[in-house]
Amino acid sequence: MKKKLLSSILAAVCMAGLLAGCGAGTSGNETAGTQAGGTQAASGESYKIGISQFAEHGSLDNCREGFLEGLKQAGIEEGKNLTVDYQNAQTDTGTASTIADSFVSAKDDMICAIATPCAASAYNSCMNTDIPVIYTAVSDPVAAGLANADGTNAGNVTGSSDVLPVEEQLKMIRALMPEAKKIGILYTTSEANSCSTIKEYQELAPKYDFEIVDSGINTPADIELAATDLVSKVDCLCNLTDNTVVNALQTVLDKANTAGIPVFGSEIEQVKAGCVASMGIDYYQLGIETGELAAKILKGEATATETPFISASKAELYVNNAAAEKIGMKLDENYVKDAAQTFDEITVD
């Protein structure tokens with residue numbers, strides 16, 4: 001009788017130990033805990049990030065590729081411990097909102113929003129969640145409602161700004177076109193980054209004896225007519241990082257080439273595609289820096305709310321000799337010899 005009682009007691013103790021052991025552990029795919037502004041994962045945990053990109057063109061693609069490289073350098077690599085849900089809004093703000101909502105429904109660990117419309121949509125969708133939003137290619141975070149006037153973040157959101165080096169661009173145009181008076185700029189009236197950049201051009205242009213002739217468009221369908229009209233009024237065009245216009249860059253270039261006037265881009269990919277030159281920023285490097293920032297938040301080392309957004313810090317000269325030759329434009333050799341990169345052909349994707 002004593003033996004049976006002792007056996008029963010031992011069996012009960014072993015069973016309790018097994019149950020306690022099961023309750024104390026977490027599987028490799030469970031989240032150990034979360035912090036405001038970032039997801040803290042258990043050892044061996046994998047992450048899921050939703051990437052929303054507003055348009056499919058070189059500069060935004062470079063941002064995305066650089067972002068993934070920045071994460072990889074921080075030990076978060078797609079195919080190993082990172083799952084990426086990449087979706088493109090194809091320049092449609094309604095689609096950008098739908099994409100952001102889908103990422104929230106999927107309970108992604110983070111949303112990376114590339115370009116202002118996607119960033120604004122993601123921030124709005126995540127407003128009542130603990131999902132951090134990391135943006136890039138946003139020219140004016142304050143105007144976009146992602147940051148406060150004092151530069152602090154508006155909420156659980158941070159990232160990187162591709163603020164254009166407007167004054168450096170004007171200096172470059174003056175150096176390459178000493179006699180030019182009027183610069184034409186096409187922009188989308190609904191893109192906050194474009195509106196703020198236009199304002200900066202208008203404020204700085206008189207300093208270099210330029211007049212800005214801007215033409216606002218509402219949809220991609222407006223670009224051909226607007227470009228046809230604008231090239232007849234100006235000495236050159238200056239392209240922004242306006243997503244709708246960049247997506248139709250070849251249309252703009254065709255109109256300018258027919259008129260025999262140069263188009264100056266705002267970054268390297270536009271120069272490769274046929275713009276004569278640019279004082280632009282390196283979007284791939286900006287993406288890397290954004291990825292490094294995002295990794296700290298994913299790992300719980302920082303929060304999006306308290307991490308200041310970063311800005312592209314350096315502008316470099318890019319030149320396309322083939323684009324200049326196409327319109328019979330002679331470039332100042334003394335000026336362009338210091339270009340970071342020079343291209344002798346036009347590359348169209």
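With which side chain does the side chain of Gln270 make a polar contact?

**Ground rules.** I am working with a predicted model, in which local features need pLDDT of at least 70 and side-chain atom pairs count only at pLDDT 80 or more, while totals for chains, interfaces and linings use all residues. I number residues from 1 along each chain as its sequence is written, and side-chain values use heavy atoms, with hydrogens and water left out.

**Gln270.** I found that the side chain of Gln270 makes a polar contact with the side chain of Ser266, at 3.0 Å; such a contact is a pair of N or O atoms within 3.5 Å, where within protein one must be able to donate a hydrogen and the other to accept it, and residues adjacent in sequence count only if both atoms are side-chain atoms. Gln270 lies in helix 10 (residues 268–272); helices (H or I, at least four residues) and strands (E, at least two) are DSSP runs, numbered from the N terminus. I noted a relative accessible area of 1% for Gln270, which is buried; buried means under 20% relative accessible area, exposed over 50%, and partly exposed in between, with a 1.4 Å probe and protein chains only. Not counting residues up to four places away in sequence, Gln270 touches Asn239, Leu240, Thr241, Val246, Leu249, Gly265 and Cys275, contact meaning heavy atoms within 4.5 Å.

**Strand 12.** I looked next at strand 12 (residues 277–280), where Ala277 and Met279 point one way and Ser278 and Gly280 the other, and all are buried. Strand 12 pairs with strand 14 (residues 316–320) in the antiparallel sense over four bridges, and two strands pair if DSSP finds at least two bridges between them. Opposite Ala277 I found Val319 of strand 14.

I traced an open sheet of six strands in the order 4-3-5-6-7-13, with parallel pairing. Strand 4 (82–88) and strand 13 (310–311) stand at the edges, each with a single partner strand, so one side of each is left without a neighbour in the sheet. Within this order, strand 5 (residues 110–114) and strand 6 (residues 133–136) pair in the parallel sense over four bridges, and Cys112 has Ile134 in strand 6 as its bridge partner. Helix 4 (residues 116–125) packs on the sheet, touching strand 3 (47–53), strand 5, strand 6 and strand 7 (157–161), and its direction makes about 155 degrees with that of strand 5; axes are lines fitted to C-alpha atoms, for helices over the stretch in contact, and angles run from 0 to 180 degrees between N-to-C directions.
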